[in-house]
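I opened my notebook and went through this model place by place. Below is what I looked up, in the order I wrote it down.

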Amino acid sequence: MLDFLAENNLCGQAILRIVSCGNAIIAELLRLSEFIPAVFRLKDRADQQKYGDIIFDFSYFKGPELWESKLDAKPELQDLDEEFRENNIEIVTRFYLAFQSVHKYIVDLNRYLDDLNEGVYIQQTLETVLLNEDGKQLLCEALYLYGVMLLVIDQKIEGEVRERMLVSYYRYSAARSSADSNMDDICKLLRSTGYSSQPGAKRPSNYPESYFQRVPINESFISMVIGRLRSDDIYNQVSAYPLPEHRSTALANQAAMLYVILYFEPSILHTHQAKMREIVDKYFPDNWVISIYMGITVNLVDAWEPYKAAKTALNNTLDLSNVREQMFKQMLSEKQTKWEHYKKEGSERMTELADVFSGVKPLTRVEKNENLQAWFREISKQILSLNYDDSTAAGRKTVQLIQALEEVQEFHQLESNLQVCQFLADTRKFLHQMIRTINIKEEVLITMQIVGDLSFAWQLIDSFTSIMQESIRVNPSMVTKLRATFLKLASALDLPLLRINQANSPDLLSVSQYYSGELVSYVRKVLQIIPESMFTSLLKIIKLQTHDIIEVPTRLDKDKLRDYAQLGPRYEVAKLTHAISIFTEGILMMKTTLVGIIKVDPKQLLEDGIRKELVKRVAFALHRGLIFNPRAKPSELMPKLKELGATMDGFHRSFEYIQDYVNIYGLKIWQEEVSRIINYNVEQECNNFLRTKIQDWQSMYQSTHIPIPKFTPVDESVTFIGRLCREILRITDPKMTCHIDQLNTWYDMKTHQEVTSSRLFSEIQTTLGTFGLNGLDRLLCFMIVKELQNFLSMFQKIILRDRTVQDTLKTLMNAVSPLKSIVANSNKIYFSAIAKTQKIWTAYLEAIMKVGQMQILRQQIANELNYSCRFDSKHLAAALENLNKALLADIEAHYQDPSLPYPKEDNTLLYEITAYLEAAGIHNPLNKIYITTKRLPYFPIVNFLFLIAQLPKLQYNKNLGMVCRKPTDPVDWPPLVLGLLTLLKQFHSRYTEQFLALIGQFICSTVEQCTSQKIPEIPADVVGALLFLEDYVRYTKLPRRVAEAHVPNFIFDEFRTVL
């Protein structure tokens, strides 16, 4: 008969593919269970308040129109719903496809059973398949795996979470409306069962049998599978366990299958006492905590509590009182070599004994005996004639030779000569070894693999982690012994991969990678004790180096040599360094090992472990070191930065110190990991400003093996970089401080005391490095974008929707047209318009000054980055500047002559060079376009009116320029100018032209009115307007003629002479 698993046996291949798919589905469910978005659990109050109205369980299906109409009624909910969709549709779709594959699996299995019954497979029926050994195994596994899938889903993905995900997919996905969508069936199968995996949770009634019966399965098939599992040893395991007391171990896999499948026919558990007694006596006589799949364990005492027959049967047997494979493989590979070695040794011993009895060897004191001499020579020949390939004959002959050697010692009274006795004993020992070696067979290895299956310990092993780690901490060389444990655990991969491999399924690689990855993660977890212990010693070294050991000067007096020697602390450092090198040696003793399909290199493992520990400690230091009290006077910013700087320097110095002792590139690791920590925290902080957020599993900075820890936020900021940024914004608030541009310093408006200066950014550079300053700059960009977006919505609200304001603006525009003319009676016209629009300027001023404040900070950061880049990497700075100039020249030339080259759309050069330029501070934040804008009516005149409305609040100071007139009505000049400049930069240049023309017209008209009224002094507002034009030209680096196009140059030349 055709082999059931042959490639041309359609019946066998069909069920093999189903079972292979089942194992792959379970691996995918286990993998996905680690990526459930926390928001779907709605655990904390913040999530409930924010998302409670857009995340629904199956109650949604009772009236979807009602729920959707509620959403449509609130634009902010619609916006949140759309944002939620953009952020979660990818992961929700992945979960849905996994759920769909579970439903498809049982549909495929039912179709296969129908095909068997209808005779689609010629000469095959359900009965004939169950008579075949492979067929019987596969049919039992097919049903068992479906049960495992359902249990895994309920254990790993809570019912409420499943429902919310399915509803979200239904609402957000276009695929649901397709004709082949089986959304209804999937929802019926996977609706919440009420089960909870939380300790102490009550088990739902009729669980899990009612859950297992949601999709009907052929009852006779279930009955026949249970019958086979009850009566047969379907995997022929018993032969590997000859002792009766090992019977339950031999049938453990089959017992797990039977446990799961019995839920498909719960009547047996409830009422069939005889069957349950038979099952318990055969499979569970002394084994009541069983592993059902890859270490998922079940306690039968609890699981069978609701079932009368099962509970009774179990109580009858319940009695509360009541791993060397790798070596064997090596023995197998070296078998013949060893056998030949023992044969040679035995033969040589016999030859030497023959020489002893020849009587010619000096100093032996043995009389010549030709008979014994000849006999030993014959024995030597007999040993040499043994043939390895004929193991049976060689074994029999070896036994006879051993008996002959025992007899010769006895009959010829050779006991008196110890040397002869020793030779005979050695030869007998070698012959015994030959018998043992030749009996090493492949069958024994197979039996050992069966007996040594460790899949039951896949999860249980974790409870031994602390014991393993303590052993390594005490004795690092223990790692070599643990290697065998890890290899043994790798054998657990055979169980889920066997059928996938047999079916030549493309899922083999992904399932292998998942389980191998899980195993490697466990190996990393156990061995993490080594980097942890190293860092404990490292902290002591840091303390000694930063606090106790004084740095030796380049020149010192001879009599002070003893003071600087500091032998005690230096000895302590040497001792701690030695301990670190011992730990390194321990992990490197573990050879390169193949764990599943992943190659584990101990050197890489050590480096990753060191990186992980470094990341954990540095991230914690940054989190703890940058928490500020907003009420503190003066600010805690500088002291905390200095303190954190000392901590980071300690880490850096000690890391540099030990790199040679552990054979790693310390500086490279330090820079890579610190930059990764900072960039990740910046990314998470910027998520607050993004609609489509970057999840951890999407982040290029987050890693599975070397994770960056997340900490609970202590205020509105998500991370330390947000807290640092907001503290800087708080202490440089334009309503409280005055920024003096020439000194790069902020002063308190009331007390005139210095608040902070450019030294702040030097301190951040020292503490957080270039990555920290660059990250701060990036975060400020996001904040500016947010402020500008808020400004635009405010402009719409307070100007474009206010009829009174619009009428005022229309009147003013009529009065000042054309812009080149002089406005008659200008004071009255301008101040009348200001008075009518007074109510809108408070919010306007706040928005403009916030943007200006952040632009000043960006300028300071760019200055610091550029300075440090020129100082630390002058060649990089020069190369970047030249490349930038060359690129700009090429682009300019292209616009003059389009036939010249220009970077194509898919060329990332401009994007990449921008990142380098910003990191090196070679850019001007004021030239940046932050947002895309549309045409806004009245925009130039509104900004002009806003500016002249603020001028009376300011006064000119010869030393300081424009300063606030009254601290009670605060306006800071630099943020005001830079804020307006940035705002105008976002719009078409003609708006700026109109704005400057309006200022020029204001200056000329006011001067003209003063001249006609014979007022000798230039009004303060005109001085302010002229200073604004001067500063505008200076900040934008434009030629002065831009301003002179609107104001005669003699006014510019003269106004400073009269100040």
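I started with tyrosine 938, which is buried, with a relative accessible area of 16%. The cut-off for buried is under 20%, so a value of 16% puts tyrosine 938 in that class. I am working on a predicted model here. Tyrosine 938 sits in the loop between α39 and α40. I checked its backbone too: phi is near 65 degrees, a positive value in a residue that is not glycine.

I then went to asparagine 663, another non-glycine residue with a positive phi, about 60 degrees. Its place is the loop between α31 and α32. Is asparagine 663 buried or exposed? At 52% relative accessibility it counts as exposed.

Next I looked up the cis peptide bonds. One runs from lysine 633 to proline 634, with omega near -10 degrees. Proline 634 is in the loop between α30 (602-625) and α31. Another cis bond goes from serine 817 to proline 818, with omega near -10 degrees. I found proline 818 in the loop between α35 (803-816) and α36 (826-836). My reason for noting these spots: most residues other than glycine have a negative phi, and most peptide bonds are trans.

**The largest pocket**

I wanted the volume of the largest pocket, and it came out at about 1700 Å³. Which residues are closest to its centre? They are Asn679, Thr770, Phe771, Asn774 and Ala919, out of 48 residues in the lining.

**Threonine 756**

I looked at threonine 756 in strand β7 (residues 754-757). With a relative accessible area of 5%, threonine 756 is buried.

**Salt bridges**

How many salt bridges does the model have? I count 47.

I picked out glutamate 727 and arginine 730, whose closest N and O atoms are 2.9 Å apart. Both are in helix α33 (residues 720-731), three residues apart, which is about one turn of the helix. I checked the cover on each partner. Glutamate 727 is buried at 5% relative accessibility, whereas arginine 730 is partly exposed at 30%.

I went on to lysine 953 and aspartate 969, a salt bridge with its closest N and O atoms 3.7 Å apart. This pair links distant parts of the chain, 16 residues apart. Lysine 953 is in the loop between α40 (939-950) and β8 (954-957), and aspartate 969 is in the loop between β9 (961-964) and α41 (973-985). I have aspartate 969 down as partly exposed, with a relative accessible area of 32%.

My next pair was glutamate 1044 and arginine 1040, with the closest N and O atoms 2.8 Å apart. Glutamate 1044 counts as partly exposed at 29% relative accessibility. Arginine 1040 is also partly exposed, with a relative accessible area of 37%.

Glu607, Arg611, Lys668, Glu672, Glu673 and Arg676 are linked in it.

**A nonpolar patch**

I ended on the surface, at a nonpolar patch. It is formed by Phe456, Leu460, Phe464 and Ile467, with about 390 Å² of accessible area together. I looked up phenylalanine 456 in particular and found it in the loop between α22 (442-451) and α23 (465-474).

How values were computed:
Residues are numbered from 1 along each chain as its sequence is written. This is a predicted model: local features need pLDDT of at least 70, side-chain atom pairs count only at pLDDT 80 or more; totals for chains, interfaces and linings use all residues. Side-chain values use heavy atoms; hydrogens and water are left out. On a 1 Å grid over the protein atoms alone, a cavity is a set of points where a 1.4 Å probe fits but cannot get out, and a pocket is an open set with protein on both sides within 12 Å along at least five of seven lines; lining residues have an atom within 4 Å of a point. Grid points are joined across faces, edges and corners, and a volume is the space filled by probe spheres set on the points. Patches are made of residues with over 30% relative accessible area and no salt bridge: like charges are joined within 9 Å, nonpolar side chains (Val, Leu, Ile, Met, Phe, Trp, Tyr) within 5 Å. Accessible areas come from the Shrake-Rupley method with a 1.4 Å probe; for residues, only the protein chains shown count as cover. A salt bridge is a side-chain nitrogen of Lys or Arg within 4 Å of a carboxyl oxygen of Asp or Glu. Helices (H or I, at least four residues) and strands (E, at least two) are DSSP runs, numbered from the N terminus. Buried means under 20% relative accessible area, exposed over 50%, partly exposed in between (1.4 Å probe, protein chains only).
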